[in-house]
Amino acid sequence: MSIELYASLKEMYDSFLKEQNELEEKINENDNQYYNRIELLDSRIKTLGFILNFINSNNLLHKDCSENVEDFKALKNKSTFDKEDIRKRRQILDIQEKERQRIARDLHDTSLQNLAHLIHKVELSSLYMDEDIIKARLELESVNKNLKSIIQEIRNTIFDLRPMIFDDLGLKASFERLFSKMKKTSGLDIQYKIEEIGCENSLVLMNIFRIVEECMNNAMKHSKGSKIIFSLKHEEDNCLISVKDNGVGFDYNYVFSEKEGHFGMRILSERVDLLSGVINIDSNPGMGTTVYVVIPLSF
């Protein structure tokens, strides 16, 4: 590869990285175009970074492409051979990026907006201080109440990122905390039976938690039912998950068609696939939905 081409790629990489850093400094502005542009830049940066790293690690910079046809044939064969591995790696990146995007939007739409509002209330209180001390005190009491609410919002975000109770008390306690929170926010009747899972791999256990969390969120948002029944069992070195609702159900083929693909279900299926598990979704219009998942615990 010629040095000129490599330099051009490096220049593009640096340019995208600089633009991304500049946009991230403006992230507090109320405009979704920043999120969309940052996401696009991030994708380009990762692609160019992969290309540059590949060139460096394979010493292609000082080679004449016309004299290394065999190298490129070998590279093509390797790419075909590792297609499944590449697909799984992309699944991981896709899940990570969607999680980051969701967290960024949650913080922007809730905690960040509320904090900006509180700044104005504090400024207003300072104006009242010399004119009406009682009015100023009432404003500050309102600020104090809202701050407690924001602190709880941030705690919920932290729990979504990594439940602290998971590291302290384990998977079962994390599920009990999750269902308690869901009951309060949704008003649904959530019934559950949870067995202890004999697995020392915290990464597998954490992903089991995420799978169940996604199933429960889907049921709460889309089922329009009144009850969710959850079961977690450990049988023959497998984790068996069942999430059943009494909602409206759906046409499986329609929802999973290419045109109407459901992002939540797709991410759920990808996460199960990455754990070498299997998933089965039993649903029909008016008949509710049951999601069955089997995750192997021994590798």
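**Ser276 lies in the loop between α10 (263–274) and β4.** The model is predicted: local features need pLDDT of at least 70, side-chain atom pairs count only at pLDDT 80 or more, and totals for chains, interfaces and linings use all residues. Residues are numbered from 1 along each chain as its sequence is written, and side-chain values use heavy atoms, with hydrogens and water left out. Ser276 is not a glycine, yet has a positive phi of about 60 degrees. The relative accessible area of Ser276 is 46%, so this residue is partly exposed. Buried means under 20% relative accessible area, exposed means over 50%, and partly exposed lies in between (1.4 Å probe, protein chains only). Helices (H or I, at least four residues) and strands (E, at least two) are DSSP runs, numbered from the N terminus.

**Lys224 occupies the loop between α8 and β2.** Lys224 also takes a positive phi, about 60 degrees, without being a glycine. With 71% relative accessibility, Lys224 counts as exposed.

**Gly247 sits in the loop between β3 and α9 (252–255).** Gly247 counts as buried because its relative accessibility is 7%. Setting aside neighbours within four places in sequence, Gly247 is in contact with Ser223, Lys224 and Gly225, and also with Gly286, Met287 and Gly288. Contact means heavy atoms within 4.5 Å. From Gly247 to Ile228 the step is 19 residues in sequence and 8.9 Å in space, C-alpha to C-alpha.

**A hairpin links β4 and β5, with 5 residues between the strands.** In this hairpin, Gly286 has a positive phi near 80 degrees. β4 (residues 278–283) and β5 run antiparallel and are joined by 6 bridges. Two strands pair if DSSP finds at least two bridges between them. Val278 has Val294 of β5 as its bridge partner. For Ile279, the partner in β5 is Val293.

**Strand β5 (residues 289–296) is mostly covered.** How many of its 8 residues are buried? The count is 6. β3 (residues 238–245) runs antiparallel to β5, and 8 bridges join the two. Leu240 has its bridge partner in β5 at Val294. Ser242 stands opposite Tyr292 of β5.

**Five strands make an open sheet in the order β1-β2-β3-β5-β4.** The pairing in this sheet is mixed. Which strands stand at the edges? They are β1 (189–194) and β4; each has a single partner strand, so one side of each is left without a neighbour in the sheet. Neighbouring strands are turned by 10 degrees against each other on average, direction ignored. Strands of a sheet pair through backbone hydrogen bonds, either parallel or antiparallel.

**Helices α7 and α8 lie across strands of the sheet.** α7 lies across β1 and β2 (227–235). The angle between α7 and β1 is about 175 degrees. α8 lies across β1, β2, β3 and β5. It runs at about 10 degrees to β3. Axes are lines fitted to C-alpha atoms, for helices over the stretch in contact, and angles run from 0 to 180 degrees between N-to-C directions.

**Helix α7 (residues 171–186) packs with helix α8 (residues 202–222).** Their axes are 11 Å apart, at an angle of about 15 degrees. α7 and α8 are therefore roughly parallel to each other. Angles under 35 degrees count as roughly parallel, over 145 as roughly antiparallel, 65 to 115 as roughly perpendicular and the rest as oblique. The crossing of α7 past α8 is right-handed. A crossing is right-handed if the near helix is turned clockwise from the far one by less than a right angle, and left-handed if anticlockwise. On the α7 side, the meeting residues include Leu171, Phe175, Leu178, Phe179 and Met182. On the α8 side, they include Leu205, Ile208, Phe209, Val212 and Met216.

**The whole chain has 10 helices and 5 strands.** Of its 299 residues, 32% are buried. Among contacts with a separation of 6 or more, 65% join residues 24 or more positions apart. The accessible surface comes to about 19,300 Å². Carbon and sulfur atoms hold 53% of that surface. Accessible areas come from the Shrake-Rupley method with a 1.4 Å probe; for residues, only the protein chains shown count as cover.
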